[in-house]
Amino acid sequence: MNRKLADTALQIVIHVFLIITVIAVLSPVYWIVIASLREVGNLFSGQSVNWKDLSLANYVMLLTRSDFLLWIKNSFIVCSISTIICLCFTCTAGYAFSRFSFKGKKNGLMFMIIIQMFPSMMAMVALYNLLNIFDRFTGGLIGFNLAGLILIYTGGNIPFNMWLIKGYIDSLPKELEESAYIDGATRWQTFYQIVLPLMGPILAVVGIFTFIGAYNDFLIPSIVLQDSSQYTLAVGLRSFIGGKFSVSWTQFAAASVMGALPILVVFMGLQRFLVEGLTKGAVKG
Amino acid sequence: MPPQQGVLLMKRAAYVLLLCLSTLLFLSACGKKEEKTHLVVWTDMNETKSLNAATARFTARTGVPVKIVRVPLIELQPKFQVAAPVRQGPDLVTGPHNWVGPFATAGLISPVELTPDEATKYLPVSLKVMSFEGKIYGLPVSVEAPGLIYNKKFVSKPPQTMKELIAIAQEIDSGKYGDVKGFMYEMVDFYFSWAFFGGYGAYIFKDTPQGLDPKDVGLDSPEAVQAAQLILDFIKKYHLMEQGVTKDIADGRFLDNKLAMTYNGPWTLVNYKKQGISYGFAPLPKLDNGRYPSPLVSVLGVMLNRETRHRELAIDLMKEICSGESQIDIYLEGGRIPSRLDAQDDPRLALQAVLKENAGPGGDAPDAGAAGGKVSDEPDTGYRALSTIGGLSYAMDVTFVPNEEVKGILESARVGTPMPNIPAFTQVWQPMKEALQLITMEKQSPEEALKMQVDRIRKDILRMMR
Amino acid sequence: MTAKNKLYPYLYILPAIVFVTLITLFPNVYSLYLAFTNYSLYHFQHFQFIGLKNFQEILFSAELNTFFRVFIWTLLWAFFSVALQFVAGLVLALILNRKGLKGTNFYRTFLIVPWAVPSFITVLMWAGLLNTDYGQINQALMSFPPILFVIKMIIGVNNFFVHMINWLLNALFNHGATGVQAKNYLDYLMLNSKGIVPWLDESPWAKISVLVVNLWLGFPYMMSISLGSLQSIPSDLYEASSLDGASKIQQFRKITVPMLRSSILPVLITSFAFNFNNFVGIYLLTAGGPAQSGSVAGATDILVSYTYKLAFTSCQFGLACAYAVLIFLLIGSLSMVNFKLTGAFND
């Protein structure tokens, strides 16, 4: 009886704590949402909210009279493709670093992680030259466009994702693979049919991480993309405040709010992968 | 085992399908090779209708289509710098005139030749600031200068002297209209505060017959210290504002009718119009030495990429964008004051255009045509027209009101200082901002702070030029 | 081991290696090359190799001690950023991972929001919220009666003491001939003259502010990683140990921590390196400020933003690359030491 009471009390405490945390975390966003519901003004106009003044005009404008949907589409193309390709490459690479032994295994990974630590500001010029070479090489197919962007995001995320996946696979018990091996499966079959299904949680996390990283980045696309029909969301957003002395705060706020929604949707969709644990389909004994 | 194989097959099929889909999406992300001859212009201007009209006229005349790419201002300069040398840049780029020096020095833009006849059509100072080392590097589109913006509800006539302004502001601060404040602006932004430096007689770079001398910086002179002291007095002596005021804060208050006077530029007026605020624009009032503060005058210009493959055509397009007709269109659409004398004298600029959001279903209603500029629909060039973001296209309802706004801006520009366009000027912004921060936060005296930061500017300029 | 078997692993890693070489290695090598040139605004189209001149300029400049000060702060910044984000993320993950907790989906989705909204608007938003005189945070604090009361008390007590001590000094030493003034205790708290917190205007508060904003930005990431990694621990381990009578804390220390080690350690170390170079996180909020007299570097400048100010703004791109190389050497060797010490790459 006491146990149950204590448990319920604990539950309540936890819920209260979580709710307070959520409120604290969301309060800046609250102000952004309020700003987006105003027609004119900026973050400082109207500390007190005049409920009558709020309207959805900005959202309507964004959906009907601007390129917002185009930006979202472009962002989605870039982010999902680079995430998928990156996941494919890093899965196999992570598995190799975890389960195989080969020359350069130990230091190779460390080396790759370290070279990622180069401050990236000057990399712009180098990346530009790189894309230029690609552009000439492929006759404009891959270059200063979304394809070039995909290339950059894929490559940039590989070392770190590889390491994460390796770490995860490291903590998976080896018995499952060993029993499959004994049963006559090839290395690839072991990977593909035993290990891969168990990697759900880490793939979800790595996937989200890569997706969001590419989604929010504005530095690279702003330099790389030439055609305004290829602008991603981040670049499009910058155009609201990149003008002289930020004149379009409210539209910027609305676009940011709407821009955040796809991420939340993606995250919600991948949630169930986060909870699929080892217990599912595990071989006992 | 049949069921397992079935599952396997399905998995394979799904995998292949995913692969195909990805490839298709990937290919759609790739670029198409443009074959036709066409010109590309990079700009951050919001006046898309006017630009489209100008390019349509150009295309009708020459048969060459033009593509306008909108790039946000903060990215336009770095993007052009990276793209132009590798032939990925546009043919023309628009930007504030102070880019001329840096771009010319880096060899990114090339000069244009103007006949004397053509040259006289422009406001002299606007051509002067587009020149560097004796050559003209582009044509000016518009002229602008910040000035005093006042809310007519609280201030009926603009103050004539600084003393008057301070008195009015203090009166309002003491509660005359409730919690309305008198006067606020972003003090640490050198772009604005310079006006006081200039008014007291300081100079940024010494003007010599050969042009501005980057090695002679005059921002720590006694006159400069006087100006800095005035700014500090705004906070300490007259209690008009606090140190941390930003343009957003001042702008926000003004929009809320909670600020009587502010010091900002013409680009903010669009929003004030939308809000229905009855405002006035005037030059900043005279200082106690009898001179007007001298705000920085900025010219928006069109520059020619040195790597362009269609030099003659590009220059032609440049002249079209900067023509009188185009400039009037641009004024009517976005409020930018033309740089051409014939455009400035045009009776249409005497009109105060009252903007109203278009209430029609979809699309924009065609311009009333009354006395408005010729605004055409999307040109038939086969290229996607720009979407209007920031400054949206409004149907303009034109009413005939004497336009003090244009008069005010031009007067402000008259007493203003043209922004130096030499590369050395890029080294001035950050140190001066920090000097103003340290002064207004009272961490250093004006004299100390200016001396230290200007020494730093001198060092930075030398280092830049080595 | 046949020849085929020897090459077999390389097949698995080949595409990854190719990409990394292209996208990461090549730009770094190119930047390294640029560090030895005089690439700048005045030498834009045709720059020359100038050997070690850039490095000489850096190492023998007067700004060197500022460089060290900034380096120390960068280390602290990276360390505390990671620590705060990780602790917050792990705690939330542990709570949300409990069996039988209702509404975890709901909480998780809302807590992910800081990550989902593009950071350059949220950071600008924070800069506005933290404005000393007009930001919403101080406005809220000031209108909260208990806080107002406390502040008035502090100011009152402070003034009282200052006056008392000044009177004493005057009385003892004849009309302040020593010129000694009692220390204003407000200065210790670094509050501004009205007694409110100058979040972005004073050095210690600005440092706290950037850390808090970074915490807000980064904890969802740590939370997600922790959630994902917690899944890899078989639950029967917990069941078995609780049957044996282990307490929650013991379970945490003996099961959770070791199992998480191999998946979380990479995250911590690379997060440290990421924040070490987190230009956007600092620059958008404070631009490195508040300004410090006598130095280019502001109070919150980290190495990358500081060198950006030094080199990029004077358009000395070759010099900027040289700084980048130095920073890379610093963080690279730090990380290598880290790796060796923690055995992150041992199996």
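## Confidence

pLDDT is the predictor's confidence in each residue, running from 0 to 100. This is a predicted model, in which local features need pLDDT of at least 70 and side-chain atom pairs count only at pLDDT 80 or more, while totals for chains, interfaces and linings use all residues. As for labels, residues are numbered from 1 along each chain as its sequence is written, and chains are lettered from A and ligands numbered from 1 in the order in which they are written.

For the complex, the predictor reports an ipTM of 0.81 and a pTM of 0.80. Chain C has a mean pLDDT of 81, with 89% of its residues at 70 or more. Within chain C, helix α3 (residues 64-96) of chain C has the highest confidence, at 90, and helix α9 (residues 185-189) of chain C the lowest, at a mean of 61.

Of the 285 residues in chain A, 54% are buried, meaning 20 or more other C-beta atoms, placed from the backbone, lie within 10 Å of the residue's own. For the 347 residues of chain C the buried share is 42%. Take contacts (C-beta atoms, placed from the backbone, within 7 Å) between residues at least 6 apart in sequence: in chain A, 73% of them join residues at least 24 apart, and in chain C, 65% do.

## Where A meets C

The contact draws 79 residues from chain A and 77 residues from chain C. On chain A's side, α6(A) gives the most, with 14 residues. That side divides into 61 nonpolar, 16 polar and two charged residues. Ala, Val, Leu, Ile, Met, Phe, Trp, Tyr, Cys and Pro count as nonpolar, Asp, Glu, Lys and Arg as charged, and the others, Gly among them, as polar.

## A helix pair in chain C

Helix α6 (residues 119-129) of chain C packs against helix α13 (residues 279-286) of chain C at about 40 degrees, with axes 8 Å apart. Axes are lines fitted to C-alpha atoms, for helices over the stretch in contact, and angles run from 0 to 180 degrees between N-to-C directions.

The contact uses Ser119(C), Phe120(C), Val123(C), Leu124(C), Trp126(C) and Ala127(C) from α6(C), plus Val280(C), Leu284(C) and Leu285(C) from α13(C). These residues split into eight nonpolar, one polar and no charged.

Terms used: Two residues are in contact if their C-beta atoms, placed from the backbone, lie within 7 Å. Helices (H or I, at least four residues) and strands (E, at least two) are DSSP runs, numbered from the N terminus. A residue is buried if 20 or more other C-beta atoms lie within 10 Å of its own, exposed if 12 or fewer, and partly exposed in between; C-beta atoms are placed from the backbone.
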